[in-house]
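This report describes selected contacts within and between the chains shown below. It begins with salt bridges and then turns to the interface and to packed helices.

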Amino acid sequence: MNEEELAFLNIRELGILLRSGEISPTKLTEVCLGRLDDVGRRLNAVVTMTEDVARREAALAEAELRAGLDRGPLHGIPYGLKDIISAAGAPTTWGAFPEQRFDQEATVTRKLRDAGAILLAKVATIELAGGMGYDNPNASISGPPGNPWHSGKWTNGSSSGPSAVVGAGAVPFAIGSDTAGSILLPAAFTGTAGLRATYGRVSRAGAMALCWTLDRLGPMCRSADDCGLVLEAIAGPDPRDRSSLPDSYRYRRPQPRRVGFRFGVVAGSWDGAEPEVSANFRTSLAALAEIGTVEEVDLPDLPYDDVAEVVIGAEVYAAFDEFIAAGGITGLTAVKAWGHRLAGAVLPAHDYIRAQRIRRVIADEFGALASRYDALLSPSLGVVASGREEDFEYMLPGAFGPLNFAGVLSGTPTVSVLNGLGRDGLPTGIQFAGARLTENAILDAAVALETRTGTTALRPDGPHGVAATARVNGQVV
Amino acid sequence: MTETATGSSYPRLSDGSSAAVARRLVEIVSLCHGEALSADQFDAVRVCVGAQLAAAERLHRFPLTNDHEPIFTVTANGGVPA
């Protein structure tokens, strides 16, 4: 097996090689460090390499596995951490402040160390997780992030680094964050699997706060199955995060479900989408119809976008009030940020609370709908990746469906996975949205789709990231 | 007591009043933060204040009753699980 093949194996495949001794954690770590330093840096996806710590942790994992001490499926597996999440000994720049460091590391970082995972790099984020508003990919101290499938395109944000390094085969998984789509949307642009778990599943202690009632951390991986394995390692209650759920979470079960699903397709969710996005979505629905029932559903007619705008406007201003009020935003790269967030200074408290009251109606009604299905489905985005240097406009018709914001505001889980290639050979995605605490249902369904369609075998074409000649089941896509 | 929501009675501003409110709100931003921002940046403030007001106005049309609580809750133990 050459390094290129090794770089795109999933976590279970790597685990078999690590436990059989065919590869060592040290060898795997060196391969990934090399890819991060090469393609990762060329994509502007790497902020800080943590080579010394990584090599020590790899040696420790190697010794432990050799001695029969097995910490579970992430033991000896390298990963990257979005740079809004703290790790001991490394800067945590939030994409904006190069010298910033924290003494106490994030709970998610500690949990991954306990699981035997090996931190290789802090990876790029749009500055302040995109929370100040931005309309160009260059809004990061790392520079505009490049898409592994086409280096002239961008990754989407704000989890730009996690999606890029996973999509490029530089690490098997990374941890991203999501306030209003920051895991889901980069997953769609880069052909990775991204899981936004139920609000409170994963402790946010040690991560930058953007919107307290919306922020979530989650895995970005090569497959939905990998997302489940990583979530199991990082989920659970945490006294440092009062929003964390008391429930434990178990992904690994003797017999995960692969058939007998009930799917709801959100009516009109691909209206206005690019033709290839629609075509790939219809192909996915045909495959899902072989393993379950598929029926069209209407999302409750509720003001998702307006509630999100008001909640985010108020909470971002509050989370960064001193910085914004003191004019700190004028030092950011994103031109849009300079005036954008000051509007929050004159947003009445009663309007914020009204939005949160309507949000409860949204959560109740959407939760009731979602609980009738194993997953609600729509394209993750209606478009494929746009240019790396181009201004973008998120609200283009067809770019966004309402399912994303319904899941954002309801705190319910959603996973996005690759479902084919579109214009210019760029990835398209499908999202599976579930009711609260139903991660296993949506992951099982996503795994079943990936297994039937072979989409996890799709690869960017080479280290320079030009897509288009990947093969599925022997056929060029 | 549970009320039945039949429609919002939140007062609706005329277009002229809404525009005047937006101008005043931008003036407030200017008073508080004027030294830090250029004319271009205030254009961005103006656009965003307008969008925010429009979003809030649409939310004012959403029927709510007194018993509709916010999605967040406050607990006597500070949120720490008992």
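## Salt bridges

Over all chains of this predicted model, the count of salt bridges comes to 30. One of these joins A:Lys153 to A:Asp424, with 3.9 Å between the closest N and O atoms. This pair links distant parts of the chain, for its two residues are 271 residues apart. A:Lys153 lies in the loop between strand S3 (118-123) and helix H6 (160-167) of chain A, whereas A:Asp424 lies in the loop between strand S10 (414-421) and strand S11 (427-433) of chain A.

## The interface of chains A and B

The size of an interface is often given as the accessible area lost when the parts come together. Here, chain B and chain A bury about 3,000 Å² between them, and 67% of that area is on carbon and sulfur atoms. Of the area that chain B buries against chain A, 24% is supplied by B:Gln52, B:Leu59 and B:Ile71, more than by any other three residues.

The contact involves 34 residues from chain A and 33 residues from chain B. One salt bridge is found across the interface. In a salt bridge, the side chain of B:Arg58 meets that of A:Asp306 at 2.7 Å, N to O.

## Helices H10 and H13 of chain A

Two packed helices are described by the angle between their axes and the distance between the axes. For helix H10 (residues 304-319) and helix H13 (residues 349-370) of chain A, the angle is about 135° and the axes are 9 Å apart. H10(A) is therefore oblique to H13(A). The crossing of H10(A) and H13(A) is left-handed.

On the H10(A) side, the residues in contact are A:Tyr304, A:Val307, A:Val310, A:Val311, A:Ala314 and A:Glu315. They meet A:Asp351, A:Tyr352, A:Ala355, A:Gln356, A:Ile358, A:Arg359 and A:Ile362 in H13(A). The residues of this contact comprise nine nonpolar, one polar and three charged.

## Helices H8 and H15 of chain A

How are helix H8 (residues 224-234) and helix H15 (residues 439-453) of chain A placed, in angle and distance? Their axes cross at roughly 150° and come within 8 Å. H8(A) and H15(A) are therefore roughly antiparallel to each other.

In H8(A), the contact is made by A:Ala224, A:Asp225, A:Cys227, A:Gly228 and A:Leu231. Their partners in H15(A) are A:Glu439, A:Leu443, A:Ala446, A:Val447 and A:Glu450. Six residues of the contact are nonpolar, one is polar and three are charged.

Definitions and conventions: Residues are numbered from 1 along each chain as its sequence is written. Chains are lettered from A and ligands numbered from 1 in the order in which they are written. This is a predicted model: local features need pLDDT of at least 70, side-chain atom pairs count only at pLDDT 80 or more; totals for chains, interfaces and linings use all residues. Side-chain values use heavy atoms; hydrogens and water are left out. Axes are lines fitted to C-alpha atoms, for helices over the stretch in contact, and angles run from 0 to 180 degrees between N-to-C directions. Helices (H or I, at least four residues) and strands (E, at least two) are DSSP runs, numbered from the N terminus. Angles under 35 degrees count as roughly parallel, over 145 as roughly antiparallel, 65 to 115 as roughly perpendicular and the rest as oblique. A crossing is left-handed if the near helix is turned anticlockwise from the far one by less than a right angle, and right-handed if clockwise. Contact means heavy atoms within 4.5 Å. Ala, Val, Leu, Ile, Met, Phe, Trp, Tyr, Cys and Pro count as nonpolar, Asp, Glu, Lys and Arg as charged, and the others, Gly among them, as polar. Buried area is the accessible area (1.4 Å probe) that two parts lose on being put together, summed over both. A salt bridge is a side-chain nitrogen of Lys or Arg within 4 Å of a carboxyl oxygen of Asp or Glu.
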